Amino acid sequence: MPRAVIVREPIDTRAALEKIKRPEDGAAIVFEGVVRNHTRGRQTLYLDYEAYEEMALKQMEELAAQALEQFKVRDVLIVHRLGRLEVGETSVLIVVASGHRGAAFDAGRWLIDTLKRKVPIWKKEHFVDGAVWADGEPFPAEIPRAQGSPHGEVASK
């Protein structure tokens, strides 16, 4: 069973959680990355996610394997959605099942932080007055007005 999936349809969190949980688990944690309606005081209209899919899936599977070994959790599932996402929709889901909550929380936090830093998935935030490729962290206030790129520059309309 794959521990990493890339989808283009809405993510079904409940189904993913039920797929992972087992009677021997004392903890099952869920992290949902959700499209919010603002970034640094600008109203977000929607997001577009793109990826180098083959590499992203490979790296997500590697992260899952690392989490299983490093945190001694029983199972993990990472689901990332691509395409246009509206405010309120889930863009990334991480589910971790473990005998104990501490390991599950630690693994979940490590998975999302590492995924955001290392996996080739890019997010373009669309605003009323333009768009920006974002790296998962708030972009600096002094972003120059230039053609957009996955390196964090603003693309003016």
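Helices and strands are DSSP runs, numbered from the N terminus.

**Figure 1. Overall fold of the predicted model.** Three helices and ten strands make up the protein chain's secondary structure. Along the sequence their order is β-α-β-β-β-α-β-β-β-α-β-β-β. The protein chain has 157 residues, and 45% of them count as buried. Take the contacts between residues at least 6 apart in sequence: 68% of them link residues at least 24 apart.

Figure 2. Tyrosine 49 has a relative accessible area of 7%, under the 20% limit, so tyrosine 49 counts as buried. Beyond its neighbours within four places in sequence, tyrosine 49 is in contact with His80, Arg81, Leu82, Gly83, Leu85, Ser91, Ile121, Trp122 and Lys123.

**Figure 3. Side-chain pairing of tyrosine 49 and serine 91.** A polar contact of 3.4 Å connects the two side chains. The residues lie 42 positions apart along the chain, yet their C-alpha atoms are separated by 8.4 Å.

**Figure 4. A nonpolar surface patch of Tyr52, Met55 and Trp122.** Together these residues have about 280 Å² of accessible area. Methionine 55 belongs to helix H2, residues 53–71. Its relative accessible area is 34%, so methionine 55 is partly exposed. Trp122, a member of this patch, is also among the contacts of tyrosine 49.

Conventions. Residues are numbered from 1 along each chain as its sequence is written. This is a predicted model: local features need pLDDT of at least 70, side-chain atom pairs count only at pLDDT 80 or more; totals for chains, interfaces and linings use all residues. Side-chain values use heavy atoms; hydrogens and water are left out. Patches are made of residues with over 30% relative accessible area and no salt bridge: like charges are joined within 9 Å, nonpolar side chains (Val, Leu, Ile, Met, Phe, Trp, Tyr) within 5 Å. Accessible areas come from the Shrake-Rupley method with a 1.4 Å probe; for residues, only the protein chains shown count as cover. A salt bridge is a side-chain nitrogen of Lys or Arg within 4 Å of a carboxyl oxygen of Asp or Glu. Helices (H or I, at least four residues) and strands (E, at least two) are DSSP runs, numbered from the N terminus. Buried means under 20% relative accessible area, exposed over 50%, partly exposed in between (1.4 Å probe, protein chains only). Contact means heavy atoms within 4.5 Å. A polar contact is a pair of N or O atoms within 3.5 Å; within protein, one must be able to donate a hydrogen and the other to accept it, and residues adjacent in sequence count only if both atoms are side-chain atoms.
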